[in-house]
Amino acid sequence: MKKRNLKIFVLAVPFLILAACSKTQEPDTSEAVSWDATNYVLFNEFMECVPGTDFSQEALDEMIAAWRDLGLSPDLLGAWGYAPASEDNTLTNGEWELSWSSQEAADLAWADWMDNSDAQEWSDKYASVMQCDGENRNGFEFVFPYDPYKFGQSPEDGSFAANFIPCTLNEGQGQEELSNALIAYNNWLDGLDVDAVGGFYAYGVYFPVDPESEVDYWYGNFHINMDGMQTGMGLWENTGASTRAVLESTGTCENPEIFQGKVFYDPSNPDFS
């Protein structure tokens, strides 16, 4: 089943409301809407990135700081970088994620970027540090179905651990079943001892906008660090059997792609580095 059959499924999920707005309201970009926008359907893009001959953490930090100084679109709601952290990953290069208020806003911002001489100068200057495939970026509708700060704040230094799990719907399953599966997972999260989780954890769901995608949806799990990821996996294995059965009856998921993550841009703290 292709992703187009899931386009409006999220309206059936009883999201925790963090802002006084309706489920169909567009993000108000007059104020910074960051990645805690639990009640919004956002448009997120991923670009594949490869390090250059001059790559180092120091050079990358300089590159990203210079990018933030270029005057970013107010419709850009967040950006994150991911470095592969498992030999079992099938995604072996880095990824750069961008979150936008809408696909239309993203397309306009990219058009402006391509016409921006300062942006071209930045790209040329840092080509030996890292190059990203913006032309072939992958787009997704994205939503947080659960309060991302239920288990604590994300690390102040912007670091976190992430895994992304590709899934396809089982035969006969659709948006209602997936909504119910997410509700079951949220209920399982509600039953966890916050202290047992060990710190920040959030999850989101990505729906490919490409109707020919072989993946119907991706789970993104975000943890305070790799130890927190291991703790979360242990809790899931030990206490999540009944909930796992609901999720597995709805969709078939492959092995997770594991990454070390880093905040590249937070509109509520534009100078973050």
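Cys 167 and Cys 253 form a disulfide, with 2.0 Å between their sulfur atoms. The two ends sit in distant parts of the chain, 86 residues apart: Cys 167 belongs to strand E6 (residues 159-169) and Cys 253 to strand E9 (residues 251-253). Keep in mind that this is a predicted model. The torsion about the S-S bond of this pair is about 105 degrees, so the disulfide is right-handed.

How exposed are the two partners? Cys 167 has a relative accessibility of 1%, so it counts as buried, the cut-off for that being under 20%. Cys 253, with a relative accessible area of 34%, is partly exposed.

Now for the other bridge. Cys 49 and Cys 132 form a disulfide too, and their sulfur atoms are 2.0 Å apart. Cys 49 lies in strand E1 (residues 42-51) and Cys 132 in strand E4 (residues 130-132), so this link ties together parts that are 83 residues apart in sequence. With 110 degrees about the S-S bond, the link of Cys 49 and Cys 132 is right-handed. Cys 49 is buried at 2% relative accessibility, while Cys 132 is partly exposed at 26%.

| Cysteine | Relative accessibility | Class |
|---|---|---|
| Cys 49 | 2% | buried |
| Cys 132 | 26% | partly exposed |
| Cys 167 | 1% | buried |
| Cys 253 | 34% | partly exposed |

How many disulfides does that make in total? The count comes to two. And which pattern do they follow? Counting bonded cysteines along the chain, the disulfides of the protein run 1-2, 3-4.

Terms used. Residues are numbered from 1 along each chain as its sequence is written. This is a predicted model: local features need pLDDT of at least 70, side-chain atom pairs count only at pLDDT 80 or more; totals for chains, interfaces and linings use all residues. Side-chain values use heavy atoms; hydrogens and water are left out. A disulfide is a pair of cysteine sulfur atoms within 2.5 Å. Helices (H or I, at least four residues) and strands (E, at least two) are DSSP runs, numbered from the N terminus. Buried means under 20% relative accessible area, exposed over 50%, partly exposed in between (1.4 Å probe, protein chains only).
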